[in-house]
Amino acid sequence: MAQCFFAVFARRQAGVPVLASGSNCAVKPTRLRRAAYFRSLVVPGATLSTYLFAWNPKRWTWNDLDAQIEQVGLSGHTDGRWSSGNTKQIPAGSRFFLIRLGVEPKGIVGSGVTLSLPDYGPHWDEEKAASGGETLYCDIRFDHLSNDVLVTWSELQQSPFSSFRWGVQASGISIPMPVAEALEELWQSRTAGMPSTPSSSTSATLPEGAKRKVVVNAYERNPLARAACIAHYGHQCQVCRVDLGEKFGGIAEGFIHVHHIVPLASVGRSYAVDPIHDLVPVCPTCHAVIHLRIPPLSVAEARTLLATHL
């Protein structure tokens with residue numbers, strides 16, 4: 001069973017930059033590799049393959065799982081590296097789902113996109129690594145990660161999912177397109193209404209006025225659309241022009257919300273989001289202010305308000 005490589009690779013490869021957001025064990029893909037990947041997202045009509053990655057807690061303990069989940073809740077993603085088993089050809093930008101196996105409850109607990117082609121690194125099993133063993137890994141980006149199973153093992157044994165063997169022995173297995181499309185639709189329905197903060201949130205203890213939050217819709221949660229939007233605009237807020245990474249350093253590098261410009265009432269399930277014209281990166285403060293009005297403020301209106309009160 002191929003396992004996660006967040007911490008092992010970071011410890012053993014001197015000079016590899018490490019993310020300082022949420023978990024200091026996530027290996028950061030190179031800027032050029034990420035740029036190439038982001039550019040690929042805006043190619044019209046591009047069809048991405050979908051792969052299954054596996055995690056067996058009996059064989060590998062994910063010590064910073066809670067931190068990774070929290071990071072996804074805070075910024076919408078967390079980056080790292082995951083074994084691709086024996087699969088050498090997983091294109092950057094491929095969709096993946098993470099299945100938990102070996103212990104109950106079994107099922108799908110995460111999703112994301114790959115950021116690089118597989119390459120070799122020290123084996124995730126420390127004994128094998130000590131004897132020089134290597135295996136293949138992909139740079140990956142989780143867009144959703146949970147302690148809870150969101151698509152159960154029993155559901156995966158029913159049509160149309162039952163045509164695929166989910167009890168894999170290694171990661172990097174390609175999911176047939178019809179199964180992948182059905183899983184994506186089910187996954188979006190399970191995750192679209194979920195809060196963007198971890199389940200351990202203390203919001204229940206806050207006064208009523210403090211419970212207001214920006215609801216992130218399914219279009220904004222789409223990892224490909226979000227990535228393409230940020231690739232075009234960068235991480236600078238398009239209202240106040242603040243780059244949180246420049247203000248707070250590495251801990252906030254890449255941290256930005258993505259706001260959907262088109263009112264949701266005017267779009268439906270068949271709507272194809274344009275990441276350049278329909279989405280815009282904004283900082284959490286400006287995002288909250290935009291949603292203080294119904295309908296939401298436009299970016300131009302928010303800029304005017306800010307300029308008026310400076």
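Colleague: Is cysteine 229 buried or exposed?

Modeller: Buried: cysteine 229 has 0% relative accessibility. Keep in mind that this is a predicted model.

Colleague: OK, switching to rings. How many aromatic pairs turn up in the whole structure?

Modeller: The search finds ten. One of them joins tryptophan 60 and tryptophan 62, a tilted pair with 5.9 Å centre to centre and 55° between the planes. Both tryptophan 60 and tryptophan 62 are buried.

Colleague: What about tryptophan 60 and tryptophan 82, how are those rings arranged?

Modeller: Edge-to-face, with the centres 6.5 Å apart and 70° between the planes. Tryptophan 60 sits in the loop between β1 (50-55) and α3 (65-75), while tryptophan 82 is in strand β2 (residues 78-85), so the pair ties together parts 22 residues apart in sequence. Tryptophan 82 is buried, as is tryptophan 60.

Colleague: Which residues do ring pairs link into a cluster?

Modeller: Phe53, Trp55, Trp60, Trp62, Trp82, Phe96 and Phe142.

Colleague: Last topic: which ring face does lysine 106 lie over?

Modeller: The face of tryptophan 153, at 4.3 Å from the ring centre. There's also arginine 95, which lies over the face of phenylalanine 97 at 5.1 Å from the ring centre.

Technical notes:
Residues numbered from 1 in each chain as written. Predicted model: local features only at pLDDT ≥ 70, side-chain atom pairs only at ≥ 80, totals over all residues. Heavy atoms only, no water. Buried < 20%, exposed > 50% of the residue type's maximum accessible area, 1.4 Å probe, protein only. Phe/Tyr/Trp six-rings, centres within 6.5 Å; stacked < 30°, edge-to-face > 60°. Helix = DSSP H or I, 4+ residues; strand = E, 2+ residues; numbered from the N terminus. Lys NZ or Arg CZ within 6 Å of the ring centre and 35° of its normal.
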